[in-house]
Amino acid sequence: MNTGLRITTFAAALAATFGAAYGVGQGIDPVVADSPPKHEGDHTRPAPEAERGGGHGGHDTPPAGGLQISEGGYTLDLRTPRVTAGEQADLRFTVRGADGRALTAYQREHDKELHLIVASRDLVTYRHLHPTRAADGTWSTPVELPRAGGYRVFADFTPAKQDAENLTLGADLAASGPYEARQLPPVSTTARVNGYDVRLTGALSPGKARELKLKVSRDGKPVTDLQPYLGAYGHLVALRSGDLAYLHVHPNGEPGDGTTRPGPDISFTATAPSAGSYRLFLDFQHDGKVHTAAFTVRAGGAAAGSDTPAGHEDEGHGH
């Protein structure tokens, strides 16, 4: 997976199909109060041609991925299209080639053969999973989704063949149970997760590469000994409100390359595909544990460094 901007846009109409399917239920807490299993993390990819803007470092955004269940001769066969909210389930899937056979050979990228993202269409629940692969090519991972509604599953991988390109295939997943739509959490430049405070500075800008910096502190003191996680000091994913345009970038500089050192600041360069509201998810590791801080920002509106209400303890989750 490239270190630059990776965005995927999905049809907003898909989200509407879930409202009638689940009925009306109880009110729902803000997103990241939903704690994922401890082994989870993050990843993904590009922007559709209709939304191409300035890319990382001023280059065009790569072609779209995740928009389709099939691409490049490969198909995501999601064996578990529905789960029950609040209950652990075994999420199973296979990547099949053009001949219908399961793919069993993958390139390792960021320490894994395949990265699996599960995100709710209301941007409230986010999971980065690392499933295990059986000899026959079937992938599986336990997952527990806290709320009923529509979710999108992204499989990010590169086949182990010469000149193979990275692919992100997408499929819809439903969690059954009482359902009520939730609002996007308010814009904020601060988040608190598991005793850590994270502050965001910089801004997303439509069609322009901009730097985002995130500073981690604990007990009022900067954390200067962040640890690499999946080959980087931090991972950032952005989901656009309304259609789940998907953006993922790594920090500017990687561990061991001489440009990035462990410290309180993690720097990213990102380009928003359009104006609008985005939900940012930052994964970072400290003292051997991975934590996820979440922020709501606007591109083409107020800068991410402006005065906004501080986040609360339940606006982040750990792994």
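The largest nonpolar core of this predicted model has 27 residues, and V198, L204, Y278, L280, L282, F284 and F295 touch the most other members. A nonpolar core here is a set of buried Ala, Val, Leu, Ile, Met, Phe, Trp, Tyr and Cys residues joined through side-chain atoms within 4.5 Å, and buried means under 20% relative accessible area, with exposed over 50% and partly exposed in between (1.4 Å probe, protein chains only). At least two residues of this core come from each of β12 (190–193), β13 (196–202), β14 (209–218), β16 (235–240), β17 (246–249), β18 (265–271), β19 (276–286) and β20 (289–299). Apart from this core lies another, of 26 residues, including Y74, L103, L116 and V153.

Leaving aside residues up to four places away in sequence, V198 touches T189, T190, A191, L214, K215, V216, L282, F284, A293 and F295, where contact means heavy atoms within 4.5 Å.

The chain as a whole has 1 helix and 21 strands, taken as DSSP runs numbered from the N terminus (helices H or I, at least four residues; strands E, at least two). Of its 319 residues, 54% are buried. Among contacts with a separation of 6 or more, 71% join residues 24 or more positions apart.

Rings of Phe, Tyr and Trp (its six-membered ring) pair if their centres lie within 6.5 Å; planes under 30 degrees apart count as stacked, over 60 as edge-to-face and the rest as tilted. F93 and W139 are stacked because their ring centres are 6.3 Å apart and their planes at 10 degrees. This pair links distant parts of the chain, F93 in β5 (residues 89–96) and W139 in β9 (residues 138–143), 46 residues apart. F93 is buried at 0% relative accessible area, and W139 is buried at 2%. Y106 and F157, by contrast, form an edge-to-face pair, with centres 5.8 Å apart and planes at 75 degrees. Both Y106 and F157 are buried. Ring pairs join Y74, F93, Y106, W139 and F157 into a cluster.

Two loop residues other than glycine have positive phi. N194, between β12 and β13, has phi near 50 degrees and is partly exposed at 40% relative accessibility. D219, between β14 and β15 (221–222), has phi of about 55 degrees and is exposed at 69%.

Residues are numbered from 1 along each chain as its sequence is written, and side-chain values use heavy atoms, without hydrogens and water. As the model is predicted, local features need pLDDT of at least 70 and side-chain atom pairs count only at pLDDT 80 or more, while totals for chains, interfaces and linings use all residues.
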